[in-house]
Amino acid sequence: MKQKRIPLRMCLGCKEMRPKRELIRVVKNNEGEISIDLVGKKPGRGAYICRSAHCLEQAIKAKRLEKAFETTIDMDIYDNLKNQLEENDG
């Protein structure tokens with residue numbers, strides 16, 4: 001039997017290719033609004049981060065989300081990502 005291909009995406013923190021399901025998707029829609037997409041189905045440009053605080057800190061420090069979306073990111077988005085990571089750990 002043919003095995004189903006697993007989509008891979010690159011984490012903005014550690015720059016490693018990982019299965020899409022293991023990552024958190026951040027989306028910029030057509031209106032320029034940035035949001036967290038836990039399901040992975042929202043329309044718009046997506047960027048992915050591992051579910052680890054270390055990767056998120058690296059992405060924030062290097063401003064990789066801002067570079068990926070070519071816009072400034074509000075600190076509320078970063079706070080929501082941190083809260084999401086804490087919920088997954090607990």
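**Salt bridges, cysteines and overall shape**

Student: Where are R18 and E16 in contact, and how far apart are the atoms?
Tutor: Their side chains meet in a salt bridge, 3.2 Å from N to O. Keep in mind that this is a predicted model.

Student: Are those two buried or partly exposed?
Tutor: R18 is partly exposed, at 25% relative accessibility. E16 is partly exposed too, at 41%.

Student: How many salt bridges in the whole structure?
Tutor: Three. Another one pairs D37 with R25, with the closest N and O atoms 2.8 Å apart. D37 sits in strand β4 (residues 34–37) and R25 in strand β3 (residues 23–28), so the pair ties together parts 12 residues apart in sequence.

Student: D37 and R25, buried or exposed?
Tutor: Both are buried.

Student: And what does K82 pair with?
Tutor: E57, with the closest N and O atoms 3.9 Å apart. This pair links distant parts of the chain. K82 is in helix α3 (residues 75–89), E57 is in helix α1 (residues 53–61), and they are 25 residues apart. K82 is partly exposed at 30%, and E57 is partly exposed at 41%.

Student: New topic. How many disulfides?
Tutor: Zero, searching the whole structure.

Student: What about C50?
Tutor: Its closest cysteine sulfur is in C11, 3.3 Å away, which is also too far for a bond. C50 counts as buried, at 5% relative accessibility. C14 is partly exposed, at 23%.

Student: OK, zoom out. Which helices and strands are there, and in what order?
Tutor: The protein has three helices and five strands. Along the sequence the pattern is β-β-β-β-β-α-α-α. Its radius of gyration is 13 Å, close to the 12 Å that the globule rule gives for 90 residues, so the protein is as compact as a globular protein of that length.

Student: How much of it is buried?
Tutor: Buried residues make up 29% of the 90. The protein exposes about 6,500 Å², and carbon and sulfur atoms supply 48% of that.

Student: Which residues form a nonpolar patch on the surface?
Tutor: I6, L8, M10 and M17, with about 390 Å² of accessible area together. L8 is found in strand β1 (residues 8–10). L8 is partly exposed, with a relative accessible area of 42%.

How values were computed: Residues numbered from 1 in each chain as written. Predicted model: local features only at pLDDT ≥ 70, side-chain atom pairs only at ≥ 80, totals over all residues. Heavy atoms only, no water. Patch = residues over 30% accessible without salt bridge, like charges linked within 9 Å, V, L, I, M, F, W, Y side chains within 5 Å. Areas by Shrake-Rupley, 256 points an atom, 1.4 Å probe, with all protein chains shown as cover. Salt bridge = Lys/Arg side-chain N within 4 Å of Asp/Glu carboxyl O. Helix = DSSP H or I, 4+ residues; strand = E, 2+ residues; numbered from the N terminus. Buried < 20%, exposed > 50% of the residue type's maximum accessible area, 1.4 Å probe, protein only. Rg over C-alpha atoms; globule rule 2.2 N^0.38 Å. Disulfide = S-S within 2.5 Å.
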